[in-house]
Amino acid sequence: MTLVDTRTPDPKRLIPGATGDWEIIIGMEVHAQVLSQSKLFSGASTEFGKAPNSNVSLVDAAMPGMLPVINEECVKQAVRTGLGLKAQINNRSIFDRKNYFYPDLPQGYQISQFKDPIVGEGKIIISLGPDRQGNFEDIEIGIERLHLEQDAGKSMHDQHPTMSYVDLNRSGVALMEIVSKPDMRSSDEAKAYMTKLRSIVRYLGTCDGNMDEGSMRADVNVSVRRPGEAFGTRCEIKNVNSIRFIGQAIEYEARRQIAILEDGGSIDQETRLFDPGKGETRSMRSKEDAHDYRYFPDPDLLPLEFDDAFVEALKSDLPELPDDKKARFVRELGLSVYDASVLVSEKAIADYFESVAEGRDGKTAANWVINDLLGALNKAGKGIEETPVSPAQLGGIIDLIKAETISGKIAKDLFEIVFNEGGDPAEIVESRGMKQVTDTGAIEKAVDDIIAANPDQVAKVKAKPTLAGWFVGQVMKSTGGKANPQAVQALVKAKLGIEE
Amino acid sequence: MTELTNLTISEARAKLKGREITAVELTDAYLSAIDAANGALNAYVTVTPDKAREMAKASDARLADGKGGPLEGIPLGVKDLFATRDIHTQACSHILDGFKPKYESTVTQNLWNHGAVMLGKLNMDEFAMGSSNESSYYGPSVNPWKAKGSDEKLVPGGSSGGSAAAVAAHLCAGATATDTGGSIRQPAAFTGTVGIKPTYGRCSRWGIVAYASSLDQAGPIARDVRDAAILLKSMASVDTKDTTSVDLPVPDYEASLGQSVKGMKIGIPKEYRIVGMPEEIEKLWQQGVEWLKDAGAEVVEISLPHTKYALPAYYIVAPAEASSNLARYDGVRYGLRVDGKDIADMYEKSRAAGFGKEVQRRIMIGTYVLSAGYYDAYYLKAQKVRTLIKRDFEEAFHAGVDAILAPITPSSAFAIGDKELAADPVKMYLQDVFTVTLNMAGLPGISVPAGLDHKGLPLGLQIIGKPFEEETLFKTAHVIEQAAGKFTPAKWW
């Protein structure tokens with residue numbers, strides 16, 4: 001792989017050092033577990049959280065004479081992901097053996113793809129912002145390749161005083177390794193890349209993206225250089241398992257490298273580990289200790305071949321991806337770029353929003369989802385998956401406003417009730433007497449009462465008509481907020497003789 | 001009882017169907033023969049008398065009902081490389097100590113489905129690596145043949161030495177074997193038996209302990225061409241568990257016996273006339289040509305120019321794959337474990353104790369040729385040679401040749417413990433010079449006895465065919481068998 005510099009150094013991304021500015025260069029290898037019923041080369045289940053060694057076939061345990069057989073669904077998932085990354089799909093790819101000894105690697109080799117991966121070059125557009133002017137900056141990050149490979153098992157060192165145990169449930173589960181080009185220039189870009197990649201695989205349904213369960217993890221390559229110079233020596237930070245940690249690891253690592261270089265030292269190419277507790281990276285192994293994996297084509301497997309029709313069929317069934325969805329929200333629903341970006345950031349949010357917006361005003365639905373729902377969820381520390389307000393409930397609230405059954409202000413209270421206690425919005429409004437008062441007789445009486453009780457204010461409003469708002473507020477207060485604000489306004493103005 | 005063990009599979013099949021004999025009688029006859037002979041011949045590493053009698057009884061029940069498969073009641077031996085459920089499966093290696101799989105290889109399952117009876121597991125070179133059966137952890141199997149006037153013990157060839165010895169000594173009606181570089185055909189030639197390595201992909205490799213995956217192929221060793229045809233018909237199948245197996249109908253191979261070779265074009269590859277080839281081998285080859293001409297075949301000289309690179313290329317490709325295939329024997333999950341101070345130490349001690357010298361040598365060669373910096377010069381180049389060898393054959397077939405006649409071994413069986421061969425592994429590797437080309441090209445080849453040398457030891461000829469044209473091999477081999485006669489060793493054990 002030849003490294004090509006696709007970016008022009010951007011002053012706002014440079015890190016100031018003691019001796020001048022530095023630029024960070026970042027590339028990532030993301031391992032994403034393929035969503036599939038069974039493993040890449042065996043029929044064993046991939047279900048998470050089963051008792052150790054309960055999802056293990058003879059193939060996964062590398063019993064003598066066992067042979068791998070490719071799982072077609074995993075191939076489809078890889079192709080779908082490749083299509084989502086707008087990437088070259090290779091109709092012929094080859095599985096290779098990567099040889100090394102480890103107790104949780106029963107075969108003594110991992111079946112992977114080395115020279116001929118299933119997916120070639122593609123791209124991801126990340127969006128940074130908004131800045132103070134409310135603008136977003138779109139940046140294209142190149143994808144080098146995507147290949148399929150087997151996951152290893154898990155060694156457990158805490159089960160026995162002197163021995164280690166091995167759990168092979170994960171052994172042979174399909175992973176996609178997605179390799180970016182060294183196109184990122186800040187920790188924010190790296191975090192945006194990971195977020196976007198996770199969003200894409202979730203939209204596609206090819207990986208659940210649950211980083212805390214290990215379904216997605218990143219090896220982050222970091223180097224620094226003086227702007228405009230050639231790429232520096234990189235260090236690889238292994239197995240970073242959260243987006244926040246990716247940012248922290250890069251920040252730490254870049255500053256570590258800058259400090260060494262500014263001291264006149266040089267960077268050793270090595271593999272490092274990120275310690276989230278200490279917020280630092282530390283050396284794991286140097287280049288000299290690197291394995292010689294002795295890759296060669298797996299003679300148990302024929303080259304993986306499929307025709308264009310296979311790819312076309314998958315392409316035609318592909319769901320709408322975040323970029324397309326965002327563009328559609330802006331174009332068809334008239335949302336702002338910002339609102340659309342927020343709504344498409346997670347597939348679950350977009351699905352929620354679309355369900356609420358169905359048959360309703362898009363902008364209103366967007367406001368409620370972004371400001372009220374996401375705000376409340378954020379405050380409660382919950383994700384969209386755990387929302388106590390269903391799209392039907394939120395839609396019901398919006399409908400009550402539209403029908404002028406409740407005021408916008410009451411609606412906020414209603415939302416809080418639904419969020420905290422649940423229930424059908426229309427029933428709550430009925431049972432708790434939250435209905436808007438539209439009976440002009442009742443409102444008129446309230447207006448008259450306020451005017452009669454406040455002669456001083458009546459005098460002032462003659463001089464300054466904008467003070468009519470004070471009367472409106474008083475009437476709303478006296479009616480418990482249930483009066484129709486428009487009706488109150490009109491009556492107040494009429495009674496006080498203020499012209500429209 | 002010995003009379004029963006003299007029956008070929010086709011003869012026994014007729015007598016079983018006609019209820020002249022029972023499967024239990026036949027099985028008992030073989031079990032007694034094994035009892036009497038195995039101490040001297042060491043052909044079996046495990047005998048399964050209870051299992052054999054149980055299967056024979058079931059066969060008799062089916063035969064009594066007028067049912068029964070094509071191999072109903074036929075007692076067979078199984079090379080130790082095939083996984084057999086709950087029965088010793090160790091590839092004759094120390095590292096698989098005590099290993100009894102919970103699964104049955106596709107090939108043996110096919111045989112049992114057709115009614116065959118299992119007598120036990122047969123000796124072989126450790127992990128099928130060898131040409132003399134001397135690398136077996138269980139000691140060498142002994143050739144039932146002896147040179148005239150000599151009492152010297154000879155090798156039965158390898159790696160399927162136990163299979164060949166058991167068939168030649170009538171310790172089974174037929175046997176399964178495997179061929180990676182000649183492991184069916186060379187032992188067949190050394191023991192006066194018939195062995196066929198079918199086209200790569202004809203038999204499933206599932207459940208066969210892997211040596212070199214791109215070359216390994218199962219096939220039978222039998223007493224005559226007809227029996228080999230009967231056995232292959234039952235062994236062969238496509239298998240969803242082996243994606244390198246091929247989905248083509250399995251023909252009735254037996255039906256091709258007796259068909260004429262008239263008008264067939266037989267190629268004689270000039271490159272097989274190697275320097276130092278004994279005159280006897282050359283003469284035998286010429287005799288084969290005459291027999292086929294007499295039967296009406298046309299014989300033409302052909303050229304397979306890359307033949308001389310086949311052996312070195314084979315000894316790169318096979319060890320490379322083996323070094324990776326054998327990585328799973330690490331002491332962690334099954335077989336031998338020698339404890340160490342840490343995991344790496346345990347690996348090293350277990351593998352040092354578990355693998356014999358020849359296996360260790362091939363693992364080291366394979367690891368070396370795949371290493372960074374050497375891959376292109378060795379492994380990649382060997383793969384290119386492989387493509388050229390394949391092309392040589394394709395061009396010969398394209399030019400109208402139907403089958404190729406060639407020698408199978410550079411000599412007859414040699415002595416166990418031959419000092420010259422023991423001192424120089426390359427000399428032992430030269431045993432495969434006429435056989436590896438087929439494995440490299442994936443082609444089928446049959447070894448058929450064609451005569452005895454001056455020492456009175458059997459020699460074989462090899463017929464090589466087009467992919468999946470095993471019928472041509474059976475028909476041609478049958479012509480040679482008819483002309484040469486059959487060869488049985490004098491009993492000394």
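User: Where in chain B does Asp97(B) sit?

Analyst: In this predicted model, Asp97(B) lies in the loop that runs between β2 (75-79) and α5 (106-113) of chain B.

User: Why is Asp97(B) called partly exposed?

Analyst: Asp97(B) has 14 other C-beta atoms within 10 Å; a residue counts as buried at 20 or more and as exposed at 12 or fewer, so with 14 Asp97(B) falls in between and is partly exposed.

User: What makes Gly335(B) and Leu336(B) contacts of Asp97(B)?

Analyst: Two residues are in contact if their C-beta atoms lie within 7 Å, and Asp97(B) touches Gly335(B) and Leu336(B) on that basis, leaving aside residues up to four places away in sequence. As for Gly354(B), its C-alpha atom is separated from that of Asp97(B) by 8.4 Å, although the two residues are 257 residues apart along the chain.

User: How do you know that α6 of chain B is mostly covered?

Analyst: Helix α6 (residues 161-168) of chain B has eight of its eight residues buried, among them Gly161(B), Ser163(B), Ala166(B) and Val167(B). Just after α6(B), His170(B) takes a positive phi of about 60°.

User: Which residues have the most contacts inside the largest nonpolar core?

Analyst: They are Leu76(B), Val117(B), Leu119(B) and Ala166(B), in a core of 156 residues, to which helix α10 (residues 310-325) of chain B gives the most, with 10 residues. Leu76(B) touches, among others, Leu111(B), Val117(B), Leu119(B) and Cys172(B), not counting residues up to four places away in sequence.

Terms used. Residues are numbered from 1 along each chain as its sequence is written. Chains are lettered from A and ligands numbered from 1 in the order in which they are written. This is a predicted model: local features need pLDDT of at least 70, side-chain atom pairs count only at pLDDT 80 or more; totals for chains, interfaces and linings use all residues. Helices (H or I, at least four residues) and strands (E, at least two) are DSSP runs, numbered from the N terminus. A nonpolar core is a set of buried Ala, Val, Leu, Ile, Met, Phe, Trp, Tyr and Cys residues joined through C-beta atoms within 7 Å.
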